[in-house]
Amino acid sequence: MSTSSGVQLAPSAGTISARTGVRWITVIGLEAHCQLKTRTKLFCGCEYVFGAPPNTLTCARCTGQPGALPVLNREALELAVRTGLALGADVAAVSKFDRKNYFYCDLPKGYQISQFDRPYCSGGGIALASGKFIRLTRIHMEEDAGKAIHDRGSATLVDLNRAGVPLIESVTEADISSSKEAHEYLTALKEILQYIGASDCDMEKGSLRCDVNISVHPQGEGWRTKVEIKNLNSFRFVEAAIEYEIQRQIIAYESGEPSQFPVQETRLWDSAKGVTRTMRSKESAHDYRYFAEPDLPPVTVDAAFLERQRSFLPELPAARRRRYRESLALSEYDAGVLTADRAVADFFEAVLRISGRPKEAANWITNEVMRAFSDPEMDARSVDELKIRPNDIAEVIAFVEKGTVNTSSARTLLREMMKTGKRAKVLVDELGLAQVQDTAQIENWCREALAGKDKIIADVKAGKEQALNALLGPVMRASKGSANPAIVKETLLRIIQAEH
Amino acid sequence: MSRTDGLDAVGLRDALARGDESVEATIAQTFDRIDAIDPRLHVFLNTERAYAEARARDLDRALAGGETPGPLFGVPIALKANMCLAGFESNCGSKILAGYRAPYTATFVQRLIDAGAIPVGTTNMDEFAMGSSSENSAFGPTRNPWDPARTPGGSSSGSAVAVAAGLVPIALGSDTGGSVRQPAALCGIHGFKPTYGRVSRFGLIAFGSSLDQVSPFARSVRDIELVMNVMSGADANDSTCLDEPPLEPEHARDPASLAGLSVGVPKEYFPNMLEGGVRRAVEAALATLEKQGAKIVPVTLPHTEFAIPTYYVLATAEASSNLARYDGVRYGLRVDGDGSLQGMFAATRAAGFGAEVKRRILLGTYVLSAGYYDAWYGRALRARALLRQDFERAFESVDVIAGPTSPLAAFKIGEKANDPLEMYLADALTVPTSLSGLPAISVPCGVVEVDSTPLPVGLQLIGPHRGDARVLRVARAFEAVTDFARARPPQLATARVATRGARA
């Protein structure tokens, strides 16, 4: 792939500059902020619902009233710890909260309660498909800020509904070397968080946000200055910002002009223009004046608590994929598609439990059911919204197996079931989808199809049985798909041999 | 003069519970006294007469209806202006919060109300509790009832004077580095700082969160015990609050006897700067304790000299963060400035905070800054551990520690206002206990004549961590054999207000 700048991209092995032939290696670390799916905020009893009218989900605590004190939400700690366990991290027996001090209108207390030097989790990580392991440095808990809205005339409006919503920030080591790996890592992270019920990771609702730290250096040389890109709110933007930044940094270095070289700074992604832009330099970086939060005692986690949280962990996506491939003999593709969303995987397993047919269950779900999610007629964007339940699919599988309906009728049947929510048995009758086993009826359709087809008849008689296939279609059409194809074929052969 | 005049809270509560007088009449008298005295002493920033009268009528009705009167039934109380009661103005003595009415009620205030107490208003204080004289209040100083030219001490100045001048039997202050014990000493009343965490801080507007503790003023030790038992105990709204059982006063058969008790006297608490009259009064008090059977033991608290610098690093660091919320965005004063967000923050804070608060915010910001944290904040944390260790070692050999509360008796308003360092030293003997989280009480222990004006002196009794009951037992014993707590400011007689002691 070549770009306008003339730099050749080869993501897995760095980037070869077309101009100089130098192979540039990219070094990336990711910080992901995920909203925890708790009933209430991190330090108060307010609920949080995305899109609620501004400043309706607030109280003395999350609006920073004088004298109000934070109280840690137990559920947030539980979900945070489960996340740590699912990512193979070490959960600290004792961690603490700190205050991160800065002024902004969406930060009610003038500080954010976060964790600085003693986060609740360290280590762990995620294995990519290639086998490469992306290590996590740490995960910490913190509260979200509110939202400042600047685009309503000259005033800045502040909505504090989001203020105090629990976040976990996971920080990787600089183990990622391409936009593709970054994407894969984030996808896996999102899958895991969704699987364990810790977060929706819905980027559109801001429940997952990313910062990227990135630098490039010629192969064989030491690491160079890293640049931070903040607040990327979609995986696509993460990829695009990384690609842009690789180009920008390589071009800057290859200019040979030290004043043009990348500097340590924070940049923002401008999605409209597809570029990153300086937000603030290192010199103007905030001094957050962290110190231990005196209003909260240290967080202690004992072995019993850890075990209890571990007991809530479901089988994680990677393990499930492996099991689907190895024990159920599903293809890599099917296993991947089925496990990407825990609800789909759970649905699949429910069908499997009833039908005992892994391949068939996988086929029906990955094809017909998942296609329905993007079909407006079906009015279902997820498994939860489907009008059918797992036993409905199992029934369809059984009907095909018993020959009650053929495969193409079954497809029609399942679509109708998803549209109407009616049971398979009812629809088979309503739509007349039962396979016709009546040989007299089939014989009539076959004779009609054979009329005038002397060439085919001659071929068949000459031993070319596959010539029959040309007649199958017309017969099936005449039967509106309800004829049993095997019987049709048999009947055609019988008629040709006996009567021609 | 009514039958309830001059009673302490326990006495008043019992009289009201018996029906000697209606709560409504008591509250009316309370406001009559406030109206008579407040113009001279500037005790309250805000009174809530309509609220108090309505509460009083409710309580009278409840009693008439046969309800059991609570332990503070009908007792009027004053709240420092950094305490939240929904609808009351809590402005912290600051322009930045002028007019701010709390949208919620502090846990300890609610517990007092539930026990039958009637908050009558919020009292004057050094701005955000930063000061030892009330001269840092944005609304002018409170005056000492013993000599209106002098300060009552601070920062809980209005609450101290509300009790000392007989306006209410009980008032609440907050003690961060001595803000209750020092004014109690300068006004001749009891002021008790409990073990850190005994009283929930939910609804106490923060100055230094790891030090702040709600602390009562009263004219008798039994009132202190009463109000402490009502306020203390675990609170789901404050994670730093201790789950302590109620104080079981250690009632000896002879309450005046201190036989078997050892009292440690740290030599560091008798520095050269100690006023002569204060030294004599405290030494006399120690002799009294000895006469009551206590053994006086010299002890050493070798790191005492580091207490003031340590305190002014840690308390200001926490304050710089605690006061960040006063930014003009959500409540309180807003000054637009140049129209930018940063400009609005700066203009609001420049106009809203007084000089001392600004000084402490700058100091606190500095000691937490990158590159300075270890040298200042980090080192202060280590010094705090050493101070704590001093007390732990001393309490291995003694039951309580005694010494002066304040090195000085009440000084003149304006005398030290321009010298913050000298003002800081007023807290030199109270700050070590605050940094260590220990319980300590100031009890009236004598009078010193300054310029032919009699001024009260306070004896400080310090207990080990969670040793609140022990401290109060010693205070009670001392109270039983002395008259100092019953002495009333002579000036007040001219204001035609009862100054008769409860048992006089």
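1. In this predicted model, strand β13 of chain A (residues 166-172) has 5 of its 7 residues buried, so the strand is largely enclosed by the rest of the structure. Two other strands of chain A pair with β13(A). Strand β3(A), residues 23-35, runs antiparallel to β13(A) and is joined to it by 5 bridges. In that pairing Q35(A) stands opposite L167(A). Strand β10(A), residues 133-143, is also antiparallel to β13(A), with 7 bridges between the two. Here I139(A) has S170(A) of β13(A) as its bridge partner.

2. Chain A as a whole contains 15 helices and 19 strands. Its radius of gyration is 30 Å, well over the 23 Å that the globule rule gives for 500 residues, so chain A is more spread out than a compact globule. Along the principal axes, the C-alpha atoms of chain A fill a box of roughly 95 × 60 × 50 Å. Of the 500 residues in chain A, 41% are buried. Contacts in chain A between residues at least 6 apart in sequence were also sorted by separation: 66% of them join residues at least 24 apart.

3. A three-stranded sheet of chain A deserves a separate look. The sheet is open, with the order β7-β6-β18 and antiparallel pairing. At its edges are β7(A), residues 111-114, and β18(A), residues 291-292, each of which pairs on one side only. Strands β6(A) and β7(A) run antiparallel and are joined by 4 bridges. Within this part of the sheet, K100(A) stands opposite Q112(A), a residue of β7(A).

4. Next, the contact between the chains. Chain A contributes 26 residues to it, and chain B contributes 32 residues. On chain A, β6 (98-101) and β12 (155-159) each supply at least two residues of the side that touches chain B. That side of chain A is made up of 14 nonpolar, 7 polar and 5 charged residues.

5. Is T266(A) buried or exposed? It has 20 other C-beta atoms within 10 Å, and the cut-off for a buried residue is 20 or more, so T266(A) counts as buried. Leaving aside residues up to four places away in sequence, T266(A) touches E228(A), K230(A), M279(A) and R280(A). G67(A) is 199 residues from T266(A) along the chain, and the C-alpha atoms of the two are separated by 35 Å.

6. Chain B has an open sheet of 11 strands with mixed pairing, in the order β1-β3-β2-β4-β6-β5-β10-β11-β9-β7-β8. Strands β1(B), residues 44-47, and β8(B), residues 295-299, stand at the edges with a single partner strand each, so one side of each is left without a neighbour in the sheet. On average, with direction ignored, neighbouring strands of this sheet are turned by 30° against each other.

7. F44(B) has T123(B) in β3(B) as its bridge partner. Helix α7(B), residues 221-231, packs on the sheet and touches β4(B) (170-175), β5(B) (190-193) and β6(B) (213-218). The direction of α7(B) makes about 145° with that of β6(B).

8. Helix α5(B), residues 157-164, is mostly covered, with 8 of its 8 residues buried. Among them are S157(B), G158(B), S159(B) and V163(B). After α5(B) comes G166(B), which has a positive phi near 75°.

9. The largest nonpolar core has 155 residues, of which I77(B), V163(B), I170(B) and L461(B) touch the most other members. Helix α9(B), residues 307-322, gives the most to this core, with 9 residues. Which residues does L461(B) touch, not counting residues up to four places away in sequence? They are V400(B), A402(B), A440(B), I441(B), V443(B), V471(B), V474(B) and A475(B). Another core, of 70 residues, lies apart from the largest one; A32(A), L189(A), V238(A) and Y253(A) are among its residues.

Notes. Residues numbered from 1 in each chain as written. Chains lettered and ligands numbered in written order. Predicted model: local features only at pLDDT ≥ 70, side-chain atom pairs only at ≥ 80, totals over all residues. Contact = placed C-beta atoms within 7 Å. Nonpolar A, V, L, I, M, F, W, Y, C, P; charged D, E, K, R; others polar. Pairing = 2+ DSSP bridges. Axes fitted to C-alpha atoms, helices over the stretch in contact; angles between N-to-C directions. Buried ≥ 20, exposed ≤ 12 C-beta atoms within 10 Å, placed from the backbone. Core = buried A, V, L, I, M, F, W, Y, C linked by C-beta atoms within 7 Å. Rg over C-alpha atoms; globule rule 2.2 N^0.38 Å.
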